[in-house]
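Student: Please take a close look at one part of this model. Then connect that part to its surroundings.

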Amino acid sequence: MSEENTRKPSWLKVKLPKGRAFHHVQGLVKGNSLVTVCEEAMCPNRGECWSHGTATFMVCGDVCTRACGFCATRTAKPAPLDPEEPRKVAEAVAHMQLSHTVVTMVTRDDLKDGAAGHIAATIRAIREASPETIIEVLTSDFNGNEDALAQVMESRPHIFNHNVETVERLSPLVRFRAQYRRSLHMLARALEMAPGMVVTKSGIMLGLGESREEIQRTMDDLLAHGVTVLTMGQYLRPSARHLPVIRYVRPEEFDELREIALQKGFRHVASGPLIRSSHHDANFRPEQDILAALQADLAARRS
């Protein structure tokens, strides 16, 4: 039975935006005509994250070529890529003195490479402007185009993030055009393309009708494809046009699932009602793996 028509539980209340840091980030984003997933995806943590001086940049425009049942991003014919965007994002990262930045994207099925070249250019620009910043990218599946994926991996992100979003049974309903097994394959290939230089990460939403058994099977699938960082959060319906919430998952269940994931072998797990793929990434860092990759990257730059 759906709980969508009931009042949201108390644990889903969020803090209102406030503070000098929040307005500084807001001004920086607007002043540089940047797009953040914080706004486009109607993230419940925008006020909290911006108040702490962090933001997740969304590149390749603000219009997506897919119409997934869970996502608030607008679907339409997208505009051409902005060639200045990589520089603008890099300057913002440097100005904010971020130790960890996340770059995500709208899906661009209209482009032959799925905008992989643009993502790679953004990574290179950030590295040039802020060489000690850990760079995480959250990308589309590039329609399974491994040449496109190779472009991204050649630019050497420290964390490659691609979300399976939900369990395999629900994937055709939740993710327009995406395929569960193809996502797993791309995660595995990303790791193979940069052995020892990247950590792979994925996330799932809960509350769409999945069973506990299916959640654990998804964990096993991700681990079997080399993923060691996992996020789990509550699905929240962006509008009446989107998929309904079937169930609000209690915080203690998220805690239980986190312990199960760690016992299964994930090295780092963020699990909670308001957790999103990039939520508090500055504090959620797979230190040993990521810092080793960063040190190798810096050593290569100095040689």
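**Helix H6 and its surroundings**

Tutor: A side-chain oxygen of asparagine 145 comes within 2.9 Å of the backbone nitrogen of aspartate 147 at the start of H6. The model is predicted, so local features need pLDDT of at least 70 and side-chain atom pairs count only at pLDDT 80 or more, while totals for chains, interfaces and linings use all residues. Residues are numbered from 1 along each chain as its sequence is written, and side-chain values use heavy atoms, with hydrogens and water left out.

Helix H6 covers residues 146–154. Helices (H or I, at least four residues) and strands (E, at least two) are DSSP runs, numbered from the N terminus. Ala148, Leu149, Ala150, Val152 and Met153 are the buried residues of H6; buried means under 20% relative accessible area, exposed over 50%, and partly exposed in between, with a 1.4 Å probe and protein chains only. An α-helix has 3.6 residues a turn, so residues three or four places apart point the same way. After H6 comes arginine 156, with a positive phi near 65°.

H5 packs with helix H4 (residues 85–96) at an angle of about 35°, and their axes are 8 Å apart. Axes here are lines fitted to C-alpha atoms, for helices over the stretch in contact, and angles run from 0 to 180 degrees between N-to-C directions. The residues of H4 that make the contact are Glu85, Pro86, Arg87, Val89, Ala90, Val93 and Ala94, and those of H5 are His118, Ala121, Thr122, Ala125, Ile126 and Ala129. Contact means heavy atoms within 4.5 Å. By class, the H4–H5 contact residues are nine nonpolar, two polar and two charged. In this scheme Ala, Val, Leu, Ile, Met, Phe, Trp, Tyr, Cys and Pro count as nonpolar, Asp, Glu, Lys and Arg as charged, and the others, Gly among them, as polar.

H8 packs with helix H9 (residues 212–224), also at an angle of about 35°, with axes 9 Å apart. From H8, Tyr180, Arg181, Leu184 and Leu187 meet Thr218, Asp221 and Leu222 of H9. That set divides into four nonpolar, one polar and two charged residues.

Arginine 182 is also in H8, and it counts as buried at 16% relative accessibility. Its side chain makes a polar contact of 3.0 Å with the side chain of aspartate 141. A polar contact is a pair of N or O atoms within 3.5 Å; within protein, one must be able to donate a hydrogen and the other to accept it, and residues adjacent in sequence count only if both atoms are side-chain atoms. Leaving aside neighbours within four places in sequence, arginine 182 is in contact with Arg66, Asp141, Asn143, Gly144 and Arg177.

As for the whole, the protein chain has eleven helices and nine strands. Of its 303 residues, 53% are buried. Among contacts with a separation of 6 or more, 76% join residues 24 or more positions apart.
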